[in-house]
Amino acid sequence: MSDNALLFGGGGSRGAVEIGLYKALRERGICIQRVFGSSIGAINGCFIAAGWTPEELGELWSRLEGKQLFPRDWSFLWKGLRAPGLYRTDRLVRFLESHLPVKRFENLKIPLVVTATNLLSAQPVYLDSGELLPALLASSALPPFFPAVQHRGLHLIDGGIVANIPIGEAIAQGARCVFALLCHCGRELAHPPHGFVEVEARAFRIAVEKQLRHDLEHYKDQAKLVILEPCFDFPPSPLRVERVQQLTEQGYEYAKAELTRLGVGAAGAQAVEPAR
């Protein structure tokens, strides 16, 4: 049997859409042997690797609906540019501590690889052993919004910066078929950003987009790639969880239709460019 890898990237509150792909894959009898995740994709991937069903994961997301998970870090008012970040992560830490099904990678049912970025070397770091919580926090530490995380003697930030959808690493670890669903739409880049936060997010998106296009071309003959790119009316703020049920259902219906169109099932998949 080919080794199927599920790759989930970043997107903040948009990450609810990833539940839809997971549900569609399960319904089609596609077994996932390895999960890779960056940022919110790492958190989703952790629960999936622990054996949670799409319904259980959706319920977890619903508990966050409308809540302010990331309060402002007002220390920047007196620390200025020396402030660790614009937002605090203590609420996220408490939430994960309360809900993580296991504490260590070794206790997961499916192998999980969490992507982070080494802030000093600018290289990706793939975490697959030890404690889960610091790995998930490191993978989600997107500057300037959230502070970097010190883990294993490294200064780590969001994995999406260098490997949002790490196709190459998945193939290097034995994947023969790669499934991924992006939490953004390429058409969004046509709209001008407003304010420094949107400009920062746009710059990040451009880097992610260019890396993805490069990887699709480079690895297209080395594995079967099913990379889905839905174009929905996503919530404007990546930090506020809203429209969870809608996003999950939209992701599911989109993924189901695309997998059907591509003839993807337990027997295998066809290579495909991101759907527009």
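Mentor: A crossing is left-handed if the near helix is turned anticlockwise from the far one by less than a right angle. Keep in mind that this is a predicted model.

Trainee: OK. Which hand is the crossing of helix 1 and helix 3?

Mentor: Helix 1 and helix 3 cross in a left-handed way.

Trainee: And at what angle do they pack?

Mentor: About 165 degrees, for helix 1 (residues 17-27) against helix 3 (residues 54-62), and the axes are 9 Å apart. Angles over 145 degrees count as roughly antiparallel, so that is what helix 1 and helix 3 are to each other.

Trainee: Which residues meet there?

Mentor: From helix 1, Ile-19, Tyr-22, Lys-23 and Arg-26; from helix 3, Pro-54, Glu-55, Leu-57, Gly-58 and Trp-61. Five of the contact residues are nonpolar, one is polar and three are charged.

Trainee: Switching to Asp-158. Buried or exposed?

Mentor: Buried, because its relative accessible area is 3% and the limit for buried is under 20%. Asp-158 sits in strand 6 (residues 154-158).

Trainee: What does its side chain pair with?

Mentor: The side chain of Ser-39 makes a polar contact of 3.2 Å with that of Asp-158. A polar atom of the Asp-158 side chain is also 2.6 Å from the backbone nitrogen of Gly-160.

Trainee: Where is Phe-105?

Mentor: In the loop between helix 5 (90-99) and strand 3 (112-118). Phe-105 counts as buried, at 6% relative accessibility.

Trainee: What does Phe-105 contact beyond its sequence neighbours?

Mentor: Outside four places in sequence, the contacts of Phe-105 include Leu-112, Val-114, Leu-127 and Ala-135.

Note on methods. Residues numbered from 1 in each chain as written. Predicted model: local features only at pLDDT ≥ 70, side-chain atom pairs only at ≥ 80, totals over all residues. Heavy atoms only, no water. Axes fitted to C-alpha atoms, helices over the stretch in contact; angles between N-to-C directions. Helix = DSSP H or I, 4+ residues; strand = E, 2+ residues; numbered from the N terminus. Parallel < 35°, antiparallel > 145°, perpendicular 65-115°, else oblique. Contact = heavy atoms within 4.5 Å. Nonpolar A, V, L, I, M, F, W, Y, C, P; charged D, E, K, R; others polar. Buried < 20%, exposed > 50% of the residue type's maximum accessible area, 1.4 Å probe, protein only. Polar contact = N/O pair within 3.5 Å; in protein donor to acceptor, adjacent residues only side chain to side chain.
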